[in-house]
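Here's a quick briefing to read alongside the model.

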Amino acid sequence: MISLKERYKDYFKVGAAVNNRTIKSNSNLIIKHFNSITCENEMKASSIAIGKDQYDFMAADEIVDFAMKNDLLVRGHTFVWHNQTLDWFFEGMDRKQLLERIKNHITLVGNRYRE
């Protein structure tokens, strides 16, 4: 049986949303059928920005490492999502300061995982 990524290789990338559990439990399926993956939540601020100037990239790094080892593209996805961002991220600042924090977070994550 031909894989999805082989069947559509001349047309587009075939992607899947993954998390740290699915890259383990479904690794064979992901590697066989997909050439692009997107983190479900592991690149969102709620997963990475654990406190002011405190970051935990472990979950996202695990997915990116899996992708690199298996020649998969990684799509950055929703680095800031309103209802999946810890309260401290929004508190005690005006609009300009908040936009700067969002920009800094997106830049931090984007630069970490850029090619």
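The lining of the largest pocket has 10 nonpolar, two polar and four charged residues (Ala, Val, Leu, Ile, Met, Phe, Trp, Tyr, Cys and Pro count as nonpolar, Asp, Glu, Lys and Arg as charged, and the others, Gly among them, as polar). Keep in mind that this is a predicted model: local features need pLDDT of at least 70, side-chain atom pairs count only at pLDDT 80 or more, and totals for chains, interfaces and linings use all residues. Residues are numbered from 1 along each chain as its sequence is written, and side-chain values use heavy atoms, with hydrogens and water left out.

**Largest pocket**
- About 350 Å³ of space lies in this pocket (a volume is the space filled by probe spheres set on grid points, which are joined across faces, edges and corners).
- A pocket here is an open set of points on a 1 Å grid over the protein atoms alone, where a 1.4 Å probe fits, with protein on both sides within 12 Å along at least five of seven lines; lining residues have an atom within 4 Å of a point.
- Of the 16 lining residues, Val64, Val74, Tyr113, Arg114 and Glu115 lie nearest the centre of the largest pocket.
- α5, β5 (73-75) and α6 (95-113) each bring at least two residues to the lining of the largest pocket (helices are DSSP runs of H or I with at least four residues, strands are runs of E with at least two, and both are numbered from the N terminus).
- α6 gives the most to that lining, with four residues.

**Second largest pocket**
- Here the space comes to about 180 Å³.
- The second largest pocket has 13 lining residues, and the closest to its centre are Asp53, Tyr55, Arg101, Asn104 and His105.
- β3 (49-51) and α6 each supply at least two residues of the lining of the second largest pocket, and the largest share, five residues, comes from α6.
- By class, the lining of the second largest pocket splits into six nonpolar, four polar and three charged residues.

**Helix α5**
- With 12 residues (58-69), α5 should span 16 Å at 1.5 Å a residue, and its end C-alpha atoms are 16 Å apart, which agrees (the expected span is 1.5 Å times one less than the number of residues).
- Buried in α5 are Ala60, Ile63, Val64, Phe66 and Ala67 (buried means under 20% relative accessible area, exposed over 50%, partly exposed in between, with a 1.4 Å probe and protein chains only).
- On the face of α5 turned away from its buried side sit the exposed residues Met58, Met68 and Lys69.

**Salt bridges**
- The structure holds four salt bridges (a side-chain nitrogen of Lys or Arg within 4 Å of a carboxyl oxygen of Asp or Glu).
- One joins Glu62 to Lys24, with the closest N and O atoms 2.5 Å apart.
- Glu62 lies in helix α5 and Lys24 in helix α2 (residues 22-25), so this pair ties together parts that are 38 residues apart in sequence.
- Glu62 is partly exposed at 29% relative accessible area, whereas Lys24 is exposed at 53%.
- Arg112 and Asp61 meet at 2.7 Å, N to O, in another salt bridge.
- Since Arg112 lies in α6 and Asp61 in α5, the pair ties together parts that are 51 residues apart in sequence.
- Asp53 and Lys52 also pair up, at 3.5 Å, N to O, and both are exposed.
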